[in-house]
Amino acid sequence: MIEINQLSYGYKRKQEALKSMDLSVGPGNICGLLGLNGAGKSTLLKAIAGLVTPHSGEIKTLGHPPYKRDPEFLREVVIITEEFTLPDFSVGKYIELYSPFYPRFNHTAFQRYLEEFQLTNDQKLTGLSYGQKKKFLLSFGLATDSKLVLLDEPTNGLDIPSKSQFRKVVANAVHDERTLIISTHQIRDMENLIDPIIILDQGKIIFYENLESITQKLSIRRTDILPKEGVIYHETYLGGYTILTENQSGEHTHMNLEILFNAVVGQKEKIQSVFNQQVNA
Amino acid sequence: MEFNDNQAIYLQIADLFCENILRKKWNPGDRIPSVREMAVDIEVNPNTVMRTFNYLQEKGIIYNKRGIGYFVSDNGFDKTRSLKKEDFINQELPRFFKMMELLNLNISDLESLHHSYLKSNSGI
């Protein structure tokens, strides 16, 4: 679905947000895009959607160079950015005007999402709160049945019940020919939803693995005493330790994404060597 | 569904399935909810639920009828029970024994506790 080779882009000269990046994403996934502030997550999503034009390198989204914004490409991609403006229409009017751009727009699904998020067709978009606007955009974006849905921090601004509704709606909306990429800091909102995990650091992808391979290769456990060897990363926890190690026992432990993320960002080389070494074996 | 911090999510979902089978909520021959239904219901990635289905299929607990869905195997109950028994012996019991040691409890203490438990509960 997405093929990126040696892609570079910067908002300013000399300051690249994406540095010679390589990435390949296939259909049927809910990818989690994680990274510190300024790591390049939003820029990457924008490059995939064709909102920014790369300085060098190659990018193909659904077989198209996205920055050319071909109509056949645009009707298969939806991006919901963190900041947006909505026109002064009602929900119903917006759907009437914008849904025809998407050949498989599913009106039944849209009404179901609206109901799930407690929105109605006669509400004015400009009169909605930030969280409600976001829920409206999510409903619209998922109902398009576009092959690619890019979500930048989708759960920011959502109230407590909406986060659970969000997970339900997303779990229902993905299918074999559709991929969602969700950039987020709200790791707990997404913990059991995103797979594979893509971690970006300073404009580069430093980690890209699916949960199956992560649970096969790494394990996270709690211990009273910090082992002298084999610990890749640890945090203190209630007087004991939460440790991340290579998976030696073959048991599949729960992957706490917060710990995984901190380990990948803090111990990049060690983590990479675990995954590379096993690939060659 | 409440998840714990110990086991991979797909295994925790498998536990939920096993419990449904052992409690006879799902009986041999019953069709179980689809991957998507389960994923929406427990708010997890459909791939994770698929992993649970594959795992339980490997264990012979459920089987797939192409295009129709997944069903509990004819001997699904017995297989579930032996799988859970194995898990209990390998995972729960060592923790339990460790705690007994810490609390200085012996087998005869347990026996009397178990006896009074059986009196007040009629089992599952």
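How many residues does the contact take from chain B, and how many from chain A? Chain B gives 16 residues and chain A gives 19. Keep in mind throughout that this is a predicted model.

**Stop 1: the chain B side of the interface**

Select chain B and show its face towards chain A. Three helices, α1 (9-22), α2 and α3, each supply at least two residues of that side. Colour α3(B) separately: with four residues, α3(B) gives the most to the side that touches chain A. Now colour this side of chain B by residue class. Seven of its residues are nonpolar, five are polar and four are charged.

**Stop 2: helix α2 of chain B**

Select residues 35-42 of chain B, which form helix α2. Which residues of this helix are buried? They are Met38(B), Ala39(B) and Val40(B).

Step one residue past the helix. Glu43(B) follows α2(B) and has a positive phi, near 60°. Glu43(B) is a residue other than glycine, yet its phi is positive. Its place is the loop between α2 and α3 of chain B. Is Glu43(B) buried or exposed? Glu43(B) counts as buried, because 20 C-beta neighbours fall inside 10 Å.

**Stop 3: Lys24 of chain B**

Go back along chain B to the loop between α1 and α2, where Lys24(B) sits. Check its backbone. Lys24(B) is not a glycine, but its phi is positive, about 65°. Lys24(B) counts as exposed, because it has 11 C-beta neighbours inside 10 Å. Glu43(B), by contrast, counts as buried.

**Stop 4: Thr253 of chain A**

Move to chain A and select Thr253(A). This residue lies in the loop between β12 (240-246) and α9 (257-266) of chain A. Thr253(A) counts as partly exposed, because 19 C-beta neighbours lie inside 10 Å.

Which residues does Thr253(A) touch, leaving aside those up to four places away in sequence? In chain A, the partners are Thr215(A), Ser219(A), Ile220(A) and Arg221(A). In chain B, they are Asn6(B), Gln7(B) and Ala8(B). Thr253(A) and Ser219(A) are 34 residues apart along the chain, and their C-alpha atoms are separated by 5.6 Å.

**Stop 5: the two domains of chain A**

Zoom out and colour chain A by domain. The domain assignment gives domain 1 as 2-209 and domain 2 as 211-280. Their C-alpha centres lie 30 Å apart. Eleven residues of domain 1 and eleven residues of domain 2 take part in the contact between them.

Stay on the domain 1 side. The elements that give two or more residues here are β8 (197-201) and β9 (204-209) of chain A. The residues on this side are seven nonpolar, no polar and four charged.

What kind of peptide bond joins Asp195(A) and Pro196(A)? The bond is cis, with omega about 5°. Pro196(A) lies in the loop between α7 (187-190) and β8 of chain A.

**Stop 6: a helix pair in chain A**

Select residues 107-116 (α4) and 130-143 (α5) of chain A. Their axes come within 9 Å and cross at roughly 155°. The two helices are therefore roughly antiparallel to each other. The crossing of α4(A) past α5(A) is right-handed.

Show side chains at the contact. From α4(A) come Ala109(A), Phe110(A), Tyr113(A) and Leu114(A). From α5(A) come Ser139(A), Phe140(A), Leu142(A) and Ala143(A). Seven of the contact residues are nonpolar, one is polar and none is charged.

**Stop 7: Gly63 of chain A**

Finish with Gly63(A), in the loop between β4 (56-61) and α2 (71-74) of chain A. Is Gly63(A) buried or exposed? Gly63(A) is exposed, because 11 other C-beta atoms lie within 10 Å.

Methods. Residues are numbered from 1 along each chain as its sequence is written. Chains are lettered from A and ligands numbered from 1 in the order in which they are written. This is a predicted model: local features need pLDDT of at least 70, side-chain atom pairs count only at pLDDT 80 or more; totals for chains, interfaces and linings use all residues. Axes are lines fitted to C-alpha atoms, for helices over the stretch in contact, and angles run from 0 to 180 degrees between N-to-C directions. Angles under 35 degrees count as roughly parallel, over 145 as roughly antiparallel, 65 to 115 as roughly perpendicular and the rest as oblique. A crossing is left-handed if the near helix is turned anticlockwise from the far one by less than a right angle, and right-handed if clockwise. Two residues are in contact if their C-beta atoms, placed from the backbone, lie within 7 Å. Ala, Val, Leu, Ile, Met, Phe, Trp, Tyr, Cys and Pro count as nonpolar, Asp, Glu, Lys and Arg as charged, and the others, Gly among them, as polar. Domain bounds come from an automatic or database domain assignment. A residue is buried if 20 or more other C-beta atoms lie within 10 Å of its own, exposed if 12 or fewer, and partly exposed in between; C-beta atoms are placed from the backbone.
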